[in-house]
Amino acid sequence: MAINWFKYSAPSTFYALAGKLIPWFAISAAMLFAVGLYIGFFVAPVDYQQGEFYRIIFIHVPASILSMFLYLVMAVYAALGLIFNTRLSAMMATAIAPTGALFAFISLWTGALWGKPMWGAWWVWDARLTSELILLFLYLGYMALHSSIDDPRRADRASALLAIVGSVNVPIIYFSVKWWNTLHQGSTIKFSGTSMHVAMQQAMFIMLAACWLYAIAIVLARVRSVILERERQTKWVAELPEVRA
Amino acid sequence: MTGLDIWMRENPLTYVWLGSYAFALLIFVVELVLVRHKRKLTLEQIRLLREAGEED
Amino acid sequence: MKELTLFGMLKLVVQRDMTLAMRRRADVLTTLIFFVMVVSLFPLGVGPEMEMLRKIAPGVLWVAALLASMLSLGRLFSADHQDGTLEQMMLTPQPLAVIVLGKIIAHWMVSGLPLVLIAPVLGIQFDMQMETLGILILGLLLGTPVLSMIGGIGAALTLGLRGGGVLLSLLVLPLCIPILIFGTAAVDAVATGLSPVSHLSLLGALLVLALTFAPWVAAQALRISME
Amino acid sequence: MLEVSNLACSRGDQRLFSGLSFELHPGQIMQVQGENGSGKTTLLRTLCGFVSADEGYVAWNGAQVASLGDAFHAEILYLGHLNAIKDDLSALENLKISAAFSGITLQDAAVKSALRRLGLKGRELLPCKVLSQGQRRRVALARLLVSDARLWILDEPLAALDVRAVALIQELIAEHLSGGGMAIFTTHQPLQIDGMTVRTLALS
């Protein structure tokens with residue numbers, strides 16, 4: 001069956017669709033979080049090198065992966081919005097940014113908590129943490145630019161361009177930071193990869209999926225507000241039950 | 001070694017729970033509250049706009 | 001004569017901006033003085049031990065150059081925006097990217113090049129050796145144009161916004177990190193007896209990359225900002 | 001020939017105008033009328049391509065402006081609210097450079113005679129920052145003399161001008177039109193062109 005994508009790219013249709021989808025994503029995210037945490041804390045064995053502390057990775061790694069991936073997704077939406085002038089993609093890009101920044105922040109925070117017992121310091125200039133910090137800066141720059149332009153159309157287009165430039169830069173930054181790190185013989189976060197227990201892997205994947213679903217749910221919820229705000233002049237918004245009440 | 005270091009080594013699971021998971025959960029909850037709040041504000045604004053428009 | 005070649009247009013823009021800069025020499029000097037001051041503050045902050053100063057010198061000079069170029073970037077398009085000249089530039093029969101490139105080159109010549117030229121003096125203050133100093137200068141020579149290019153995109157995006165200067169730094173500084181890393185790493189390599197060629201060639205590659213894409217992206221950004 | 005078809009523009013949420021269509025043939029002149037905020041400047045800026053229209057298109061000699069790209073810029077001369085004059089440069093330098101941007105290389109003598117016609121004799125080499133508001137506007141208007149663009153897009157060309165200068169501008173526009181040029185402009189002052197009817201376009 002061919003799906004009419006254009007139909008769903010109209011803000012009004014998408015608004016209704018997102019409203020229906022959010023509970024499903026939210027509920028499955030909550031369930032997966034519960035399962036992942038159960039496996040991570042009760043099934044996965046204690047790491048013989050790092051003790052109980054290694055259990056931080058079940059949130060740290062998914063948060064890192066998600067923060068990087070969300071930036072790319074945001075840049076793709078931004079590019080679509082810029083090239084095809086589709087309103088919805090631009091709105092999606094703005095809705096993704098805060099969630100991506102929060103995941104970057106969680107990744108930094110949990111990385112610091114992991115570093116303290118391992119290296120005796122809250123912050124080490126490890127390649128992953130440093131790139132994550134720069135990624136957070138990129139998110140903050142994107143949001144700062146978007147919020148300082150009053151005209152929403154110009155805001156969308158200008159920040160879209162920034163997101164694209166940023167996403168081209170992300171690999172260069174990552175590579176240069178890695179190089180810099182090995183040059184200075186810095187410490188690197190390693191999770192005794194040789195003996196990663198099956199339960200550890202399961203917990204990690206389930207937590208990753210849970211974070212994904214959570215991110216989708218919250219982004220959809222946020223984009224609904226953005227749609228309402230931008231389309232407040234239109235008739236379909238005026239006819240919504242939540243507006244009439 | 002400071003007091004925190006000793007406490008951390010004695011209660012690793014509490015440390016992991018409170019420090020990472022409870023904190024991440026807190027962030028998720030804060031984000032959720034903010035998004036709901038934003039939605040409430042937007043809806044209110046639209047209603048106000050409509051009422052102002054109907055009076056004209 | 002009707003048709004102006006691309007190169008002719010580039011030359012025209014560079015000449016015009018250089019003339020304007022020379023009429024306002026104070027602006028050029030401010031950037032330079034800022035650079036010298038920031039660099040001179042470091043020994044006061046970290047203490048005058050020569051061993052340490054020699055070690056931090058490349059980083060200090062690079063970061064100061066980065067900050068100084070951020071300061072001057074705000075002026076890249078704003079003056080032309082305020083008096084309407086930018087609109088006229090957008091209406092030339094040549095691609096806007098050429099004009100943007102010309103403006104960036106002129107900007108680098110008045111705010112980047114002077115930093116590179118004065119850097120040896122500051123390096124000597126930090127007791128840098130001749131060979132490390134040479135590599136530092138070479139790195140700055142390759143890297144500061146890239147800073148101007150990336151900065152040009154940021155300047156175009158933040159054109160006419162309130163708090164534009166701070167915002168500009170916020171957008172551009174993270175993107176400049178690779179330049180900083182390769183520039184300082186080249187000096188470190190020489191100091192530890194290794195070859196700096198790989199770092200310098202990476203800087204060169206970034207310069208080529210920036211030259212190819214940055215003017216075009218900045219031109220797009222200007223179009224968005226001018227709406 | 002300039003052709004505008006079903007054009008719609010908005011600023012923010014606000015629709016300024018829509019369904020705007022008109023044609024402008026060689027030798028014709030059109031005044032855009034409307035209250036403040038009715039979109040006069042936006043219309044002129046859309047014609048220049050600074051602002052992209054929500055709907056509709058602008059065409060030049062049958063080809064859409066969007067597809068002509070930078071080549072279209074050689075056909076138009078735009079004079080906005082701002083004079084596009086550099087305070088640190090002299091009138092002579094300003095005019096030479098702005099002509100060069102539109103692809104015309106001028107000798108000093110030609111520039112001087114253009115400035116002289118606009119009543120700036122003896123002030124050609126002074127930096128523009130010492131000139132009065134009206135004199136600066138005249139430096140900007142001197143571009144009309146040295147340009148070979150077919151379509152003039154003038155936003156408030158008469159602002160800050162005295163009676164003599166207004167008469168001169170009317171003369172210049174009449175010359176331009178009789179040579180097969182076109183002009184579209186906004187103004188708050190009445191503009192009389194000898195032997196020409198000024199068409200009007202009202203924006204509400």
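User: How many residues of chain C are in contact with chain A?
Analyst: On the chain C side 22 residues are in contact with 24 of chain A, where contact puts C-beta atoms, placed from the backbone, within 7 Å. This is a predicted model: local features need pLDDT of at least 70, side-chain atom pairs count only at pLDDT 80 or more, and totals for chains, interfaces and linings use all residues. Residues are numbered from 1 along each chain as its sequence is written, with chains lettered from A and ligands numbered from 1 in the order in which they are written.

User: Which helix gives the most to that side of chain C?
Analyst: α9(C), with 6 residues. Helices (H or I, at least four residues) and strands (E, at least two) are DSSP runs, numbered from the N terminus.

User: And how do the residues there divide?
Analyst: Into 16 nonpolar, 3 polar and 3 charged. Ala, Val, Leu, Ile, Met, Phe, Trp, Tyr, Cys and Pro count as nonpolar, Asp, Glu, Lys and Arg as charged, and the others, Gly among them, as polar.

User: Switching to chain D: what's the strand order in the open sheet?
Analyst: β6-β7-β8-β3-β9, with parallel pairing; a pair needs at least two DSSP bridges. The edge strands are β6 and β9 of chain D.

User: How many bridges join β6(D) to β7(D)?
Analyst: 4. Leu79(D) has Leu154(D) in β7(D) as its bridge partner.

User: Are the faces of β6(D) covered or open?
Analyst: Both are covered: Ile76(D) and Tyr78(D) on one side, Leu77(D) and Leu79(D) on the other, all buried (20 or more other C-beta atoms within 10 Å of the residue's own, C-beta atoms being placed from the backbone).

Methods: Buried ≥ 20, exposed ≤ 12 C-beta atoms within 10 Å, placed from the backbone. Contact = placed C-beta atoms within 7 Å.
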